[in-house]
Amino acid sequence: MNEWKKGLVLFSAMLSPLAMADWQVDVNFEMDRAGKQHRAQTSVSLVPGEETVLFDNGEATGALIGKAELLEVTADEVKISLLVQEQCDDGGWRTIMSPVVSAGLNTPASVNQSNEQLDEFASLKVEITSV
């Protein structure tokens, strides 16, 4: 009977609000390079362990794509891995930024990155909510 109680406690912990919550990420991406601007705003749901496409400008050349993966959820913060890439003229992909962001619920976080060689500045603002 004692083993049954342990199993019940473990099962209840798995059904905690954190484990069962749906996570929404609001993203605002901006990139300026030599007078050319790219912008993307989106709001998508994240599923633990699955990569989610945040934005894809769908262009044949110079495609810009953003992806996210929910890594970890604690009572204080949510940790997500972000990846923003641009397709080069030769068909390869160049990573613009790939940060891991830890943010509290409803507390925006931002990442800024500059590449002086390309005269490029990229900004990524993220807010995570539970729905």
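Leaving aside residues up to four places away in sequence, Ile128 touches Trp23, Gln24, Val25, Val78, Ile80, Ala103, Gly104, Leu105 and Asn106, where a contact means heavy atoms within 4.5 Å. The model is predicted, so that local features need pLDDT of at least 70 and side-chain atom pairs count only at pLDDT 80 or more, while totals for chains, interfaces and linings use all residues. Residues are numbered from 1 along each chain as its sequence is written, and side-chain values use heavy atoms, with hydrogens and water left out.

Ile128 is also among the residues with the most contacts inside the largest nonpolar core, together with Val25, Phe29, Leu54, Ile80 and Leu82. This core has 27 residues, and its largest share, five residues, comes from strand 1. A nonpolar core is here a set of buried Ala, Val, Leu, Ile, Met, Phe, Trp, Tyr and Cys residues joined through side-chain atoms within 4.5 Å; buried means under 20% relative accessible area, exposed over 50%, and partly exposed in between (1.4 Å probe, protein chains only). In soluble globular proteins, nonpolar side chains tend to be buried together.

Aromatic rings of Phe, Tyr and Trp (its six-membered ring) pair if their centres lie within 6.5 Å, with planes under 30 degrees apart counted as stacked, over 60 as edge-to-face and the rest as tilted. By this rule there is one aromatic pair: the ring centres of Phe29 and Phe55 are 5.4 Å apart and their planes stand at 20°, so the pair is stacked. It links distant parts of the chain, since Phe29 lies in strand 1 (residues 23-33) and Phe55, 26 residues apart from it, in strand 3 (residues 51-56). Both Phe29 and Phe55 are buried.

Strand 4 in turn runs antiparallel to strand 5 (residues 78-87) through nine bridges, and Gly66 stands opposite Val84. Two strands pair if DSSP finds at least two bridges between them. Helices (H or I, at least four residues) and strands (E, at least two) are DSSP runs numbered from the N terminus, and the chain comes to two helices and nine strands.

Where pLDDT is low, the predicted coordinates should not be read in detail.
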